[in-house]
Amino acid sequence: MVLGLEIHVRLDTDSKLFSGMKASYGAEPNSQVSFVDAALPGMLPVFNSKALDYAIRFGLSVDAEIAPVTIFARKNYFYPDSPKGYQISQMDHPIVGKGSIEIAVEAGEGGDESYKKTIEITRAHLEEDAGKSIHDKYDKLTAIDLNRAGTPLIEVVSEPQMCSAKEAVAYMKAIYTRVTHLGICDGNLQEGSFRCDANVSVRKIGDETLGTRAEIKNLNSFRFIEKAINFEAKRQIKLIESGGEVVQETRLYDADKNQTRSMRSKENANDYRYFPDPDLLPIEVTDEMIDAQRVLLPEFPETKIERYVNDWAIKADDAEIIAFDQNLSAYFEAAQALTEAKPDLNAKFLLGEYAALLNAMDKSVENTSIPVAHYAGLLDELAKGSISRKIAKQVVEIMWQSGDTAAVIIDSQGLAQISDASALEALVDEVIAKNPSQVDSYRSGNEKMFNFFVGQIMKQTKGQANPVQTKELLEEKLK
């Protein structure tokens with residue numbers, strides 16, 4: 001199997017690529033259409049420079065060449081949702097040239113180990129999106145919504161270097177992580193902000209020549225792209241083995257039936273009759289323009305993970321979960337700047353008890369009601385031993401409801417950890433005296449009975465006994 005992807009990234013700009021009309025999703029149909037978008041005669045496009053900034057920023061993030069001069073071209077085709085009869089795109093002089101990105105392929109269910117691989121990016125060019133044809137609104141009629149016409153995209157084209165659907169998914173996720181961390185795309189898959197066309201071909205092992213490819217259009221789900229590619233590859237293999245030939249065409253994926261079906265024959269570049277757009281001048285990209293975007297590049301997850309593990313001694317699995325979630329890592333790092341607790345404790349509690357509370361309430365740190373300063377205060381109480389992890393879980397739940405700080409809650413609710421050695425020793429003596437048969441069982445070799453005594457003390461103190469001190473005292477008394 002040989003795969004190449006063309007990923008369409010909708011740029012998160014306020015207005016469209018060549019008009020001042022809004023580019024927001026979900027508006028009333030045809031309510032965001034300017035004369036330019038509707039292609040009325042005499043209207044001329046005016047380039048949105050924010051889109052150029054975003055494209056440059058993406059190119060820098062994948063170590064790509066940035067063109068010193070970039071030119072827009074007309075890509076001619078006649079679809080009902082393209083009122084001009086052409087799409088303004090780029091052909092010979094795209095803004096972003098050759099680059100590369102490393103992907104991490106997950107281990108397979110069949111025992112295949114995870115691995116990393118570098119995928120080369122052929123180019124990324126700016127273009128406007130088309131409108132949208134709606135086939136299910138009227139009986140025997142197709143409706144056209146031009147709200148989407150003219151919204152800015154970058155199309156990221158890969159080399160055909162992927163050999164499995166898992167690699168394609170890993171590549172798609174890697175690009176997704178880049179554009180969302182860069183802040184140039186909202187990453188909303190359901191709204192089509194990030195979608196791809198997958199070029200799929202097969203060839204016999206050892207063959208150097210690429211097979212005829214079929215293009216699967218508009219895949220906007222990481223799960224569906226894997227299923228669509230696997231189906232298409234099996235279809236082509238079955239076709240070839242039965243004596244047939246694969247034809248170059250564009251296909252659609254039906255998720256309900258898990259199959260692809262023919263949509264139209266696939267055009268080549270010559271069929272589109274590209275030529276430079278006479279209404280748009282070439283754009284000179286200066287070093288100053290590139291440097292202005294370079295300083296805006298964020299720290300990407302791969303670098304964060306390395307920093308978390310090496311500098312903060314966080315477990316690699318925890319570091320990965322936090323680093324790939326921008327909101328989570330921002331909350332984590334903001335708390336760490338305010339607390340004396342070690343980062344490892346911060347990570348464990350955030351991914352453990354705090355995450356469990358958020359999941360139970362169907363929330364995330366993006367919409368938590370606990371200010372980061374209050375969370376940092378809770379970590380401080382944990383770090384100095386005022387409360388145990390078990391009590392901390394209780395405290396964070398009260399914090400969510402009351403808005404009080406951890407210190408206030410611990411004091412007002414009497415939740416402070418019992419660390420007084422004489423008080424704990426008295427409790428241990430009392431529990432041992434009340435359970436002689438369990439003592440005999442433990443001393444006869446039943447080590448599991450130790451947890452019984454710990455549990456009894458925790459039960460009596462409602463979880464407030466210092467667990468470390470309690471275990472040390474029990475070990476001493478039960479000898």
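Residues are numbered from 1 along each chain as its sequence is written. In this predicted model, local features need pLDDT of at least 70, side-chain atom pairs count only at pLDDT 80 or more, and totals for chains, interfaces and linings use all residues.

**View 1. The whole protein chain.** The chain has 15 helices and 15 strands. Helices (H or I, at least four residues) and strands (E, at least two) are DSSP runs, numbered from the N terminus. The radius of gyration is 30 Å, well over the 23 Å that the globule rule gives for 479 residues, so the chain is more spread out than a compact globule. That radius is taken over C-alpha atoms, and the rule is 2.2 Å times the number of residues to the power 0.38. Along the principal axes, the C-alpha atoms fill a box of roughly 95 × 55 × 50 Å. Of the 479 residues, 46% are buried, meaning under 20% relative accessible area with a 1.4 Å probe, protein chains only.

View 2. The whole structure holds two cavities of 30 Å³ or more. A cavity is a set of points, on a 1 Å grid over the protein atoms alone, where a 1.4 Å probe fits but cannot get out; lining residues have an atom within 4 Å of a point. Grid points are joined across faces, edges and corners, and a volume is the space filled by probe spheres set on the points. Its lining includes Asp37, Asp81, Lys84, Tyr86, Glu128 and Asp129. By class, four lining residues are nonpolar, three polar and five charged. Ala, Val, Leu, Ile, Met, Phe, Trp, Tyr, Cys and Pro count as nonpolar, Asp, Glu, Lys and Arg as charged, and the others, Gly among them, as polar.

**View 3. The second largest cavity.** This cavity holds about 40 Å³. Phe18, Ser19, Val36, Asp37, Lys84, Glu128 and Gly150 line the space. Two of these residues are nonpolar, two polar and three charged. Asp37, Lys84, Glu128 and Gly150 also line the largest cavity.

**View 4. Val96 in its loop.** Val96 sits in the loop between β4 (86-89) and β5 (99-105). Its relative accessibility is 1%, so Val96 counts as buried. Beyond neighbours within four places in sequence, Val96 contacts Ala55, Gly59, Ala64, Glu65, Ile66, Arg123 and Ala124; contact means heavy atoms within 4.5 Å. Val96 and Ala124 are 28 residues apart along the chain, yet their C-alpha atoms are separated by 4.9 Å.

How values were computed. Heavy atoms only, no water. 1 Å grid on protein atoms, 1.4 Å probe; cavity = no way out; pocket = protein on both sides within 12 Å on 5 of 7 lines; lining within 4 Å. Buried < 20%, exposed > 50% of the residue type's maximum accessible area, 1.4 Å probe, protein only.
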